[in-house]
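Subject: Structure handover

Dear colleague,

Here is the structure I promised to pass on to you, with the sequence alongside. My notes on what was found in it follow directly below.

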Amino acid sequence: MHQLTDIPTRPFPGQGLVACLGLGLAALGRPGYINLGHDQDTRDGRGVEAMRERAFAVLDRAWAAGLRYFDTARSYGRGEEFLGDWLRERALATEAVTVASKWGYTYTAGWRIDAEQHEVKDHSLAVLRRQWRETQANLRGFLNLYQIHSATLQSGVLNDAAVHAELARLKDAGTLIGLTLSGPNQADVLESALALRVDGVPLFDAVQSTWNLLEPSAGPRLETAQGAGLAVIIKEALANGRLTTRNQMADFTDRRRLLEDLAQRLNTSLDALALAAALARPWVSVVLSGATTEAQLESNIRACSVHWDAQAESAIQALAEDSHAYWDKRARLAWN
């Protein structure tokens with residue numbers, strides 16, 4: 001099993017040095033998710049206690065390997081609850097971990113995989129205040145970073161002065177404030193966010209964005225954000241499983257062959273290769289693993305030992321999809 005020394009650290013604004021590989025609980029806190037093969041990963045149980053046990057097992061393995069950054073959200077079913085319970089049951093000190101959560105989506109699936117709607121988006125001040133109280137109850141002092149969940153230009157959250165004032169109040173009280181991005185306009189949203197000030201002070205300390213070998217379009221703007229002092233957290237580096245062996249889609253054949261050849265040359269797995277590519281971005285603070293099982297996490301951790309080189313960097317240039325096409329495919333992934 002990988003041990004503590006395997007995970008390098010990187011600077012994280014407001015937190016000092018943080019392990020550059022973190023664990024996200026999107027697939028651990030609720031029975032249904034859009035990752036390819038999620039139903040196989042949870043086939044041994046999807047009840048609350050089975051999911052809690054699985055989450056604790058993966059969290060334990062992450063801790064043993066040296067991961068210290070943990071990411072959850074109000075909409076991840078019981079993700080915050082599981083994480084908070086694990087932190088307290090393991091008697092971890094608040095300063096030993098960096099914990100991020102998000103507000104703006106409400107989980108509505110009722111623990112069902114076949115729910116018509118799994119979450120509802122609302123970036124209003126009322127939801128921020130309600131979900132802040134819920135997050136505090138679940139995490140009880142462990143929260144370091146609170147993020148707007150999937151901020152978009154359409155949601156209006158970047159134009160809501162009342163929300164900005166409330167977030168600035170939380171920031172003044174000691175919580176880092178961030179936003180997460182999603183969709184083909186990630187770069188445009190981030191540009192607007194970087195210009196946002198409250199009483200002359202930049203509001204955001206961090207940005208969490210999708211970046212992967214199929215959808216790298218936000219990269220230049222993320223590099224700008226890092227240069228402006230924000231922590232940059234990468235999510236969906238495996239493209240919800242599309243950058244793993246589980247993707248047997250016909251339109252992926254050529255890309256899969258290229259990835260397999262590259263992984264063989266670098267003596268690693270496809271998932272570790274994709275994560276290593278994200279880790280190779282010099283502007284990245286943390287890359288999130290979205291592992292559902294201990295075995296997946298072990299494979300993901302191999303990314304930290306991949307020796308990325310110029311040949312690999314050149315090879316991945318052929319992998320990117322049109323951004324709108326990528327997000328259209330993601331929107332069609334089934335909850336399973």
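Asn-240 lies in the loop that runs between strand 13 and helix 8, and in this model, which is a predicted one, its phi is near 55°, a positive value in a residue that is not glycine. Most residues other than glycine have a negative phi. Asn-240 also counts as buried, at 4% relative accessibility.

Glu-236 lies in the loop between strand 13 and helix 8 (253–265) as well, and although Glu-236 is not a glycine, it has a positive phi of about 55°. With a relative accessible area of 14%, Glu-236 is buried.

What is the nearest side chain of opposite charge to Lys-235? It is that of Glu-236, 4.1 Å away, and Lys-235 is buried yet has no salt bridge; the distance falls outside the cut-off, because a salt bridge requires a side-chain nitrogen of Lys or Arg within 4 Å of a carboxyl oxygen of Asp or Glu. The side chain of Lys-235 does, however, reach the backbone oxygen of Leu-181 at 2.9 Å. Leaving aside neighbours within four places in sequence, the residues in contact with Lys-235 include Leu-181, Ser-182, Gln-208, Trp-211 and Leu-288.

The largest nonpolar core has 96 residues, and of these Leu-23, Phe-204 and Ile-234 touch the most other members. Helix 9 (residues 270–279) gives the most to this core, with nine residues. Ile-234, again leaving aside neighbours within four places in sequence, is in contact with several residues, among them Leu-222, Ala-278, Trp-283 and Val-286. There is also a second, separate core of eleven residues, which includes Leu-145, Ala-206, Ile-233 and Leu-288.

Finally, I would draw your attention to helix 7 (residues 219–227), whose buried residues are Gly-219, Leu-222 and Ala-225. These cover an arc of only 115° around the axis, and therefore sit on the same side of helix 7. An α-helix has 3.6 residues a turn, so residues three or four places apart point the same way. The buried residues of helix 7 pack against helix 6 (186–194), strand 12 (206–210) and strand 13, whereas on the other side of helix 7 Pro-220 and Gly-227 are exposed. Helix 7 is followed by Gly-229, whose phi is positive, near 105°.

With best wishes

Definitions and conventions. Residues numbered from 1 in each chain as written. Predicted model: local features only at pLDDT ≥ 70, side-chain atom pairs only at ≥ 80, totals over all residues. Heavy atoms only, no water. Buried < 20%, exposed > 50% of the residue type's maximum accessible area, 1.4 Å probe, protein only. Lys, Arg positive; Asp, Glu negative; His and termini not counted. Polar contact = N/O pair within 3.5 Å; in protein donor to acceptor, adjacent residues only side chain to side chain. Contact = heavy atoms within 4.5 Å. Core = buried A, V, L, I, M, F, W, Y, C linked by side-chain atoms within 4.5 Å. Helix = DSSP H or I, 4+ residues; strand = E, 2+ residues; numbered from the N terminus. Arc of directions from axis to C-beta.
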